[in-house]
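Biologist: Can you walk me through this one, and tell me what each label rests on?

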Amino acid sequence: SMTQQTRSTVNVLFTGAGYRVELLWAFRQAYQSLALAGSIIVTDLDPLAPALQLADRPYLVPQPTDPEYIPALVEICRRERVDLVFPLSDADLPVLARQRAALEATGVRLAVASPEAVAVTADKWLTAELFKSLELATPRSWLPAQLDPAQVDYPVFIKPRQGDAARHTFKVNNAGELDFFSRYVPQPLIQEYLPGPVITTDVICDLSGEVLAVVSHRRLETRGGELAKGVTVSDPALTAACIRVAQALPAVGPITVQSILKDGVPHFTGLKARWREGVLLGIAAGVDAPAWLLARAAGRPVELPPLGGYQPGLFVSRFADSFFLTQADYERMAGHRL
């Protein structure tokens, strides 16, 4: 099998990488620490996407919904002899999951769950149903038709069933607001309001779904839905619950599980079937997921620490950084179409 065969080179493609520069830095460092050869190939729609600056080979591609998107990725995988594909945007996930056969025909392996699993992670109502089926605590959830605004115990949260965590998410304080936001928010889901704190857990699975590590952090501050400040925490019960979630999906590659504490008990609220930026705190705390996944892809043995064997109480305080491009730089980057 592929895991037995050792490779001297592993080429990784990150799709829809956007602004996820730090994650690509972590992979750069992993290549160095393993003394492994390989290229980081990055795709995005926008020549100004900062992650393109970290690529050995940047490529501009169409929108994931464009019929030319998968043919473009197939051509990139062939041309660059890609071994591993990690999607970094939610828009990519359903398309890559459905088109797995076309991509894997080039010899790549995709860190993408099945179309059914991706659909569960993309819809917060289906996600809540999954958590309930595992007998995990979740905030009480309703669709608007199931609620009489006069009978609701306010405040509640309203959020879109589909879509990114930060957008169109509102705390609703009374019947008037509920009536307005039920019409304003696309495909709304109403949930019991949990004040927090929010605990995010990265479950690092390999491409066969084996759990390599689990690392949790408490969110102290966010900026635009992304972690700005946080601190690692360790909770064996939460670790065990998140492993059950990964196995139930089943996960392929890394996933992120979100929970909110209520009376000290994690209530599970969300699921992403891909890397998130918060994983950088886990990497700094000793969960060297990029190195382990690259080593696995290279067919090398991996020394895994015991589950939960990372540094608790490690804080992160993140800040923005900038790349500057001249007109000539911009035009060069804009020329990286197939």
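Modeller: Buried means under 20% relative accessible area, exposed over 50%, and partly exposed in between, with a 1.4 Å probe and protein chains only. Helices (H or I, at least four residues) and strands (E, at least two) are DSSP runs, numbered from the N terminus. This is a predicted model: local features need pLDDT of at least 70, side-chain atom pairs count only at pLDDT 80 or more, and totals for chains, interfaces and linings use all residues. Residues are numbered from 1 along each chain as its sequence is written, and side-chain values use heavy atoms, with hydrogens and water left out.

Biologist: Why is Ser216 called buried?

Modeller: Its relative accessibility is 1%, so Ser216 counts as buried. The residue lies in strand β11 (residues 211–223). Contact means heavy atoms within 4.5 Å, and beyond four places in sequence Ser216 has such contacts with residues including Ile199, Val231, Leu238 and Tyr310.

Biologist: What makes strand β2 largely enclosed by the rest of the structure?

Modeller: Five of the five residues of β2 (residues 40–44) are buried, so the strand is largely enclosed. In a regular strand, side chains alternate between the two faces of the sheet. In β2, Ile40, Val42 and Asp44 are buried on one side, and Ile41 and Thr43 on the other, so both faces are covered.

Biologist: How do you know that β1 and β2 pair?

Modeller: Pairing takes at least two DSSP bridges between two strands. Strand β1 (residues 12–15) and β2 have three, in the parallel sense, with Val12 opposite Ile40. The chain goes from β1 through helix α1 (residues 21–34) to β2, a right-handed β-α-β crossover; right-handed means that, with the strands pointing away from the viewer, the path from the first strand over the helix to the second runs clockwise.

Biologist: And what makes β3 and β5 edge strands?

Modeller: The open sheet has five strands in the order β3-β2-β1-β4-β5, with parallel pairing. β3 and β5 (109–110) each pair on one side only. Four bridges join β2 to β3 (residues 57–60), with Val42 opposite Pro58. Between β4 (residues 84–87) and β5 there are two bridges, which meets the at-least-two rule.
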